[in-house]
Amino acid sequence: MFEQLGLIGCGLMGGSFALAMKKAGLVKRVVGYSKSPSTTDRARQLGVIDVEAPSALLAVAGADIVLVAVPVAATEATLKAIRHLVTPNMLIMDVGSTKADVVQAARRALRDQVGSFVPAHPITGREVSGVEHADAELYTGRQVILTPMDRTLPEQFAKAETVWNALGCRVSNMSPESHDAAFAAVSHLPHLLAFAMMNSITGQAEGDDFLSLAGPGFRDFTRIAASDPKVWRDILLSNREELLAQSRLFQQTLQNIEQAMQKGDTQALEDMITLASETRAHWRMGAQRTSKGR
Ligand SMILES: NC(=O)C1=CN([C@@H]2O[C@H](COP(=O)(O)OP(=O)(O)OC[C@H]3O[C@@H](n4cnc5c(N)ncnc54)[C@H](O)[C@@H]3O)[C@@H](O)[C@H]2O)C=CC1
Ligand SMILES: O=C(O)C(=O)Cc1ccc(O)cc1
C-alpha cells in the first residue's frame, strides 16, 4: 500500500508501528530518524528501520507515509523541520498522548500543508520505552482515536483509518478538546497518582523498607510509575488544565472517603467502596459505551 515510511522517533511507539506496518505488508521500506544517532543505529540493527536518516527532513524525503512518534513537546519543531517536503499526497500522523496542543502545533508548523496531518492517539503502550521494546503486536486489537481538524484532507483521513484498521485497531474520532478531557481522567491522572504514590513512599525515612514488603496490589497500582520521564513530563504539561481539574476532583473524592473514616461512618465507607468495586468489576478495556457520556 505504501512505498516508504518516514519514521521520526524510533522508540517504543514508533518502532512498534514500523514493525507492525512491515509485518502487515503495508510498507516496502522504513527510513528512520531519532534525536540520538545511537538510537537510530540500534533501530537499524534490530531491523525496525531499513535506512538511517541524518535528519527529520531526510527521513521524510521520498516517503508517502510519515509517523511522528516523539515526546509531544517536540512535535512542533519536528513538523517545522519537515514542512518543506510535505505534499498533499503524503499522510503524516503522530501518536501523541495529548491532542489539543499537538493540533495547534501542527497548524503553526505546517501552515498550508496542515491538511496532510491526521492527529492520532493509539490507546496502547507500556511503561517501558525505547526501540528495544518495540513490538509488532503492540497495536493489535487496540483503540485508536483520530482528532481531525477542519482542514484535514478527506483522502488522508480515509488513508489513516485504513492503515490503523489494517493493523487490527478499532478507529474512532473525536475533537482534540474532548479527547484531552477524557484522557486527563483515565490516563494522565492515573500516571500522576502513580508518580506521586512512589515519591510519597520513598520520601519517608522507612520508605525503602516499606517497598521491600509490597505485594501484587502495589505492583499493579504503580506499574505505570516506571514510565519514561521525558514523555510524561511533556504529557502532564501539555494537558495541564484538564489534568489539574481531574486532580482536584480526585482530591475531593479522597477527602470524602477520609471523612467517613474519621467519623467512623461504616455505612458511608462501605457504600463508597461498593460503588468503586462494582464499577471496576464490570469495566472492560475498550468496551463500547452504552449509555450516558459527553
Ligand atoms: N509509551 C506509551 O505507552 C505511549 C506513548 N504515546 C506517545 O508516543 C510518543 C512517543 O513515546 P514512546 O515511544 O513511548 O517514547 P520513547 O522514548 O520510547 O521514544 C521516543 C523517541 O523519540 C526520540 N526523540 C525525542 N525527541 C526527539 C526529537 N526532537 N526528534 C526526533 N526524535 C526524538 C527519542 O530519542 C526516542 O527514540 C509520545 O508522544 C507519547 O505521548 C502514546 C501512547 C502510548
Ligand atoms: O502502560 C500502560 O498501561 C499505559 O497506559 C500506556 C499508555 C501511555 C500513554 C498513552 O497515551 C496511552 C497508553
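Domain bounds, as used here, come from an automatic or database domain assignment. On that basis the chain is divided into domain 1, residues 2-174, and domain 2, residues 178-282. This is a predicted model, in which local features need pLDDT of at least 70 and side-chain atom pairs count only at pLDDT 80 or more, while totals for chains, interfaces and linings use all residues. Residues are numbered from 1 along each chain as its sequence is written, and chains are lettered from A and ligands numbered from 1 in the order in which they are written.

The C-alpha centres of the two domains lie 31 Å apart. Across the boundary, 14 residues of domain 1 are in contact with 16 residues of domain 2, two residues being in contact if their C-beta atoms, placed from the backbone, lie within 7 Å. The side of domain 1 that touches domain 2 is made up of six nonpolar, five polar and three charged residues; here Ala, Val, Leu, Ile, Met, Phe, Trp, Tyr, Cys and Pro count as nonpolar, Asp, Glu, Lys and Arg as charged, and the others, Gly among them, as polar.

A residue is counted as near a molecule if its C-beta atom, placed from the backbone, lies within 6 Å of it. In total 28 residues surround ligand 1, and the closest are Gly9, Gly11, Met13, Gly125 and Ser129. By class, this shell has 13 nonpolar, 12 polar and three charged residues. Helix H1 (12-23) and helix H10 (229-238) each supply at least two residues of the shell, and H1 gives the most, with three; helices are DSSP runs of H or I with at least four residues, numbered from the N terminus.

Which residues surround ligand 2? Its shell consists of Ser97, Ile123, Thr124, Gly125, Arg126, Glu127, Ser187 and Ile224, and these divide into two nonpolar, four polar and two charged residues.

The packing of helices comes next. Two packed helices are described by the angle between their axes and the distance between the axes. Axes are lines fitted to C-alpha atoms, for helices over the stretch in contact, and angles run from 0 to 180 degrees between N-to-C directions.

Helix H4 (residues 75-82) and helix H5 (residues 100-110) pack at an angle of about 25°, with their axes 8 Å apart. H4 and H5 are therefore roughly parallel to each other, a term that applies to angles under 35 degrees, whereas those over 145 count as roughly antiparallel, 65 to 115 as roughly perpendicular and the rest as oblique. In this pair, Thr75, Glu76, Leu79 and Lys80 of H4 meet Val102, Ala105, Ala106, Arg108, Ala109 and Leu110 of H5, so that by class the contact has six nonpolar, one polar and three charged residues.

The axes of helix H7 (residues 176-202) and helix H11 (residues 240-263) come within 9 Å and cross at roughly 65°. Residues of H7, including Asp180, Ala181 and His188, meet residues of H11, among them Glu242, Gln246 and Phe250, and the contact has seven nonpolar, three polar and two charged residues.

H11 also packs against helix H12 (residues 266-282), with axes that come within 8 Å and cross at roughly 150°. Ile257, Ala260 and Met261 of H11 make this contact with Ala268, Leu269 and Met272 of H12, and its residues divide into six nonpolar, no polar and no charged.
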